[in-house]
Amino acid sequence: MSYVSEVMERVIAKNPGEPEFHQAVKEVLDSLALVIDAHEDEFRKISLLERLTEPERIVSFRVPWVDDQGNVQVNKGYRVQFNSAIGPYKGGLRFHPSVNQSILKFLGFEQVFKNSLTGLPIGGGKGGSDFDPKGKSDREVMAFCQSFMTELCKYIGADQDVPAGDIGVGGREIGFLYGQYKRIKGLYEGVLTGKGLTYGGSLARTQATGYGLVYITEEMLKHAGQSLNGKTVVISGSGNVAIYATEKAQELGAKVVALNDSNGYIYDAEGIKLDVVKEIKEVRRGRIREYADAVAGSVYTEGKGIWNIACDVALPCATQNELNLEDAKKLISQGCTCVAEGANMPSTREATDYFLEKKILFMPGKAANAGGVATSALEMSQNSQRLSWSFEEVDEKLKNIMIGIYAKVSSAASRYGAEGNFVAGANIAGFEKVAEAMKAQGIV
């Protein structure tokens, strides 16, 4: 049995009931087989893959808080500190009812390679809670965040672990979390990223994941002799990533015709009116169906089905496993030639394999959505230097990072005879740097 197969069997046996984590590890190890087989004896001797697939630390804790009716609620909190070989743990906090250890381990494992691809000195981690901020008052959200940080603060720090936002954790939540950290620790340091501009945040951080996704998509198209200009684009989601991917795609001349949320999707043949979406989602915290009430000629459809809309470019920006094999077949049958992932592993393994089989342009999330964490690392740098860079400076650095990621991914794929397979390229390029650091630091 190959080393990759042995490790995969061990991961499944040691982590029962964690399908999302198994999926993430299998996808990475399968695409690394070319590299691992070439160094099998060396990697076996130091159990590199066993260490790579085992988090350095997992912290789980209860989070008690009091709701507006005076009732005590109890949620579960987590922090998965996966790998610190190339820098302090870095990765978001997710507040959503679906959060469990399997999902956070999958996200943390992916984060290791994503962070490596940025070229910046940051390791991989992820955390969160099954708390749902939707429908909660600001006071309830503050009460939860303060309780959550009271425990989490024992395990994080500017040079140890620097969380950020993710699904359910935006500027409001980061502010409450940071205030509690500072109150307990008495330290004004860059321990969280995605902070407000008045207390150490970075310009362009809000836009970074969506902008970065579009920058790498444009770079991928450019190397195929195309551009986003004139393309029809479908984007799933309607949160931060989707909104700013829409904004940048429109700036580059694309027509974005659809967005969705967990209830359904809107289609606007004339092109999404982004000011309406921002009002609904960023100001009112409403549902995407409200767009159809505000924009004549647009259509709202309840439920799933956004990938049935014909497009040239698809950008899944919502959540894991939202795009399955049938969706992939439908997209390609209607002329889609380019897919780039704005969310973490939004395409199922079967969908990803189908995209690769059909040789369309496909950029996986660990490369395509790395703009957010890259700009978070730039925020860390500004905090350490007690500086603030302009929006243009940060945006230019972000663009160059995304162009650099495309170059690394494309080069790694070509070096191992998998030209055009950016899934393999992203995993190989991310892995090589982490593996070298792990070998250099001994058995730790």
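I started with Lys126, which counts as buried at 3% relative accessibility; buried means under 20% relative accessible area, exposed over 50%, and partly exposed in between, with a 1.4 Å probe and protein chains only. This is a predicted model, where local features need pLDDT of at least 70 and side-chain atom pairs count only at pLDDT 80 or more, while totals for chains, interfaces and linings use all residues. Residues are numbered from 1 along each chain as its sequence is written, and side-chain values use heavy atoms, with hydrogens and water left out.

**Lys126.** I placed Lys126 in strand β4 (residues 123-129); helices (H or I, at least four residues) and strands (E, at least two) are DSSP runs, numbered from the N terminus. What does its side chain pair with? I found a polar contact of 3.1 Å between the side chains of Lys126 and Asp166. A polar contact here is a pair of N or O atoms within 3.5 Å; within protein, one must be able to donate a hydrogen and the other to accept it, and residues adjacent in sequence count only if both atoms are side-chain atoms. Leaving aside neighbours within four places in sequence, I listed the contacts (heavy atoms within 4.5 Å) of Lys126, among them Arg79, Leu104, Gln111, Asp166 and Asn344.

**Glu173.** Next I looked at Glu173, in helix α7 (residues 171-185). Glu173 is buried, with a relative accessible area of 4%. Its side chain makes a polar contact of 2.9 Å with that of Arg172. Not counting residues up to four places away in sequence, Glu173 touches Phe95, Pro133, Val141, Cys145 and Gly168.

**Pro88.** I found Pro88 in the loop between β2 (72-83) and β3 (89-95). Buried or exposed? Pro88 is buried, at a relative accessible area of 18%. Beyond neighbours within four places in sequence, its contacts include Pro121, Ile122, Asp159 and Met380.

**Helix α1.** I checked the length of α1 (residues 3-14): at 1.5 Å a residue its 12 residues should span 16 Å, and the end C-alpha atoms are 16 Å apart, which agrees. The expected span is 1.5 Å times one less than the number of residues. In α1, I noted Tyr3, Val4, Val7, Met8 and Val11 as buried. They cover an arc of only 130° around the axis, so they sit on the same side of α1; the arc is that of the directions from the helix axis to the C-beta atoms. The buried residues of α1 pack against α2 (19-38), α3 (40-45) and α4 (48-52).

**Cores.** I took a nonpolar core as a set of buried Ala, Val, Leu, Ile, Met, Phe, Trp, Tyr and Cys residues joined through side-chain atoms within 4.5 Å. The largest has 99 residues, and Leu49, Phe109, Ile235, Met363, Ile405 and Phe431 touch the most other members. Helix α17 (residues 422-440) gives the largest share of this core, 10 residues. Apart from it lies another core, of 24 residues, among them Phe144, Ile174, Leu177 and Val191.

**Cysteines.** How many disulfides are there? With a disulfide taken as a pair of cysteine sulfur atoms within 2.5 Å, I got zero. Cys153 is in none, and the nearest cysteine sulfur, that of Cys145, is 14 Å away. Cys153 is buried, at a relative accessible area of 4%. For Cys317, the closest cysteine sulfur, in Cys338, is 12 Å from its own, too far for a bond. Cys317 is buried as well, with a relative accessible area of 8%.
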